[in-house]
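I'm opening my notebook on a structure that is new to me. Here is what I looked up, entry by entry.

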Amino acid sequence: MSGRRITSRSPLAAANAPRRRQLALALAAVLIIATPTTAVEKDWDQSPYRVHITIAADTAARPQPALGQTLSTAISERIASTISPLWVTTIEVATDPQSRREGLQLRAVPWEEHPPELKEFDKLIWLGVRAAPEGYQLSAREFDVYTRQWGAIHRRTAPQTTYLPQACFDLLKSVFTPLASIEPIADDDAQVLLHFKGDGLPRRSEGDPFTKPGDVFQPVLRRSDRSGKLAEGGVTPVPWTFLTSAPSSNGRRLATVHTGTRRPFAMQRRGRVEQLAVALKNPPGPAKVRFHARTDPKQGLAGYEVFRNAVEGSPELIGVTDRTGVIAIPPGDRGGVTTILLRSDGQLLAKLPVPAGAGAMLEIPVADNVSRLRAQSESQVVREQLVDVVARRAILISRIRALLAKNRAGDARKVMVELDALPTASVFGRTIDVAARKIPASKDPTVQRAIDKMFSSTRELLGKFLDRRAIIDLQSQVNAAPADPDAGS
């Protein structure tokens, strides 16, 4: 990637650079000798983000050969006056066709395709500026080197050249994703502490320029090798878990945990595994969610009801999934994270948090319940038939006993024939076996166990409500009853 680079430094900082370097080296030596075990934590707190920005300008519709350089200077000045020292920035204006194309298309470039010099930065940001009849179309995207994660693409429009530098600067800030380490709080599963990179550096204004209460973070686990480098496949998102930043308390940066799992964070670090939180800077808009079978990602769950979980009152129906299993989750009144419920035929299948904003589609695997729902339907039919038979049986037994009490043995024997004609437990058992064979075996062991339990519990009802001993005893009473004195008249 070629072009001219500009590093954002003020004239005063440049004049004092040699002296500061000497002091920094001396301080580093003291820290290494005095506290070797906490060097990483101190570096994290005191280290700025090394940010590389590539500006790709397409001015074919409005020729401005120096636009890229003009924006580079303006952005560098704004960073130096508002963000520095949190950012140590290098700005490059793309001059060759490939660099401009990458900056305008903003595709997710594989890690191995990045030039070696870019891999030395913490953040890589591409800014595309395209001249158009209505003004300028802006687009930007960030890549976090530490976690190897791409952020969402953000787009804006600047109506005229006067607003362009500020619009570009605001867009760069909107795609920047702060990085924090996660510290669990003992006996508190609802909150964690966040330690942001560069949090110990001096600020040019009060408050954090990049985070505010309610911002959403994606927790990830980062595993490194013995040399400290990221291991192969070493970044794993914490499943079904998101964080929202909470107001600071006694100088502590807190975050609320939204999760669909139990205890997603370990109290202690496991070896070379770091618990990190990366800010999710999704563009405004509804979040797209796709539910699919856990055993077959291609099988979308269509026609399933999705509810928004309410803090108070009943859940609110958002809609049903389309034929591919996709549904749009509109942002809640408070933004942040929405907890959704997935239901089918009144059965709760999933309860998961969904971050607000139009980011990448969230793929959610759900236990393949097609077989389970069919099993539930078949077993429900058997149970309804069982309830009907048990009710009829109770009525007939009551009638027979009443007739025997009135010495009407003949009528009792007639009713006894009706009682004997009712389906028995063995008949229902064969019905259950036939229904079970109609259900295809599920590839999901959890679902198959649920199906087996469903049918086995139905079989248990047979022994409980269709016990033959009561009928056998009643038959003996009928047989032993004296003949009806009016039978011969």
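This is a predicted model: local features need pLDDT of at least 70, side-chain atom pairs count only at pLDDT 80 or more; totals for chains, interfaces and linings use all residues.

**Aromatic pairs**

I started with the rings and found that the structure holds nine aromatic pairs. For Phe, Tyr and Trp (its six-membered ring), a pair needs ring centres within 6.5 Å; planes under 30 degrees apart count as stacked, over 60 as edge-to-face and the rest as tilted. I picked out tryptophan 87 and phenylalanine 210, a stacked pair with 5.6 Å centre to centre and 10° between the planes.

Residues are numbered from 1 along each chain as its sequence is written, and side-chain values use heavy atoms, with hydrogens and water left out.

**Around phenylalanine 210**

Is phenylalanine 210 buried or exposed? Phenylalanine 210 is buried, at a relative accessible area of 6%, and I see that tryptophan 87 is buried as well. (Buried means under 20% relative accessible area, exposed over 50%, partly exposed in between, with a 1.4 Å probe and protein chains only.) Ring pairs also tie Tyr49, Trp87, Phe176 and Phe210 into a cluster.

I then listed what phenylalanine 210 touches, leaving out residues up to four places away in sequence: Ile83, Leu86, Trp87, Lys173, Phe176, Pro178, Asp215 and Lys281. Contact here means heavy atoms within 4.5 Å. For proline 178, 32 residues from phenylalanine 210 along the chain, the C-alpha atoms of the two are separated by 7.0 Å.

I found a cis peptide bond between serine 84 and proline 85, with omega about 10°. Proline 85 sits in the loop between helix H4 (67-82) and E3.

Leucine 106 is in the loop between helix H5 (97-105) and strand E4 (123-132), and counts as buried at 3% relative accessibility. Arginine 263 is not a glycine either, yet has a positive phi of about 45°; I located arginine 263 in the loop between strand E13 (254-259) and strand E14 (273-279).

**A hairpin**

Next I followed E10 into strand E11 (residues 230-237): the two run antiparallel and are joined by four bridges. Two strands pair if DSSP finds at least two bridges between them. Arginine 222 has valine 235 in E11 as its bridge partner. Five residues lie between E10 and E11 in this hairpin, and glycine 228 in the turn has a positive phi of about 95°.

**A three-stranded sheet**

In which order do the three strands of the open sheet stand? I read E18-E15-E21, with mixed pairing. Strand E18 (326-329) and strand E21 (362-366) are at the edges with a single partner strand each, so one side of each has no neighbour in the sheet. From one strand to the next the twist averages 30°. Strand E15 (residues 287-293) pairs with E21 in the parallel sense over five bridges, and alanine 293 stands opposite valine 366 in E21.

I also checked alanine 358, in the loop between strand E20 (347-355) and E21. At 34% relative accessibility, alanine 358 counts as partly exposed. Not counting residues up to four places away in sequence, alanine 358 touches Asn282, Pro283, Pro284, Gly285 and Pro286.

**Two helices**

The axes of helix H9 (residues 425-438) and helix H10 (residues 445-465) come within 10 Å and cross at roughly 170°. Axes are lines fitted to C-alpha atoms, for helices over the stretch in contact, and angles run from 0 to 180 degrees between N-to-C directions. H9 and H10 are therefore roughly antiparallel, the word used for angles over 145 degrees.

**Whole protein**

Last, I noted the totals: 11 helices and 21 strands, with 41% of the 489 residues counting as buried.

Key: Angles under 35 degrees count as roughly parallel, over 145 as roughly antiparallel, 65 to 115 as roughly perpendicular and the rest as oblique.
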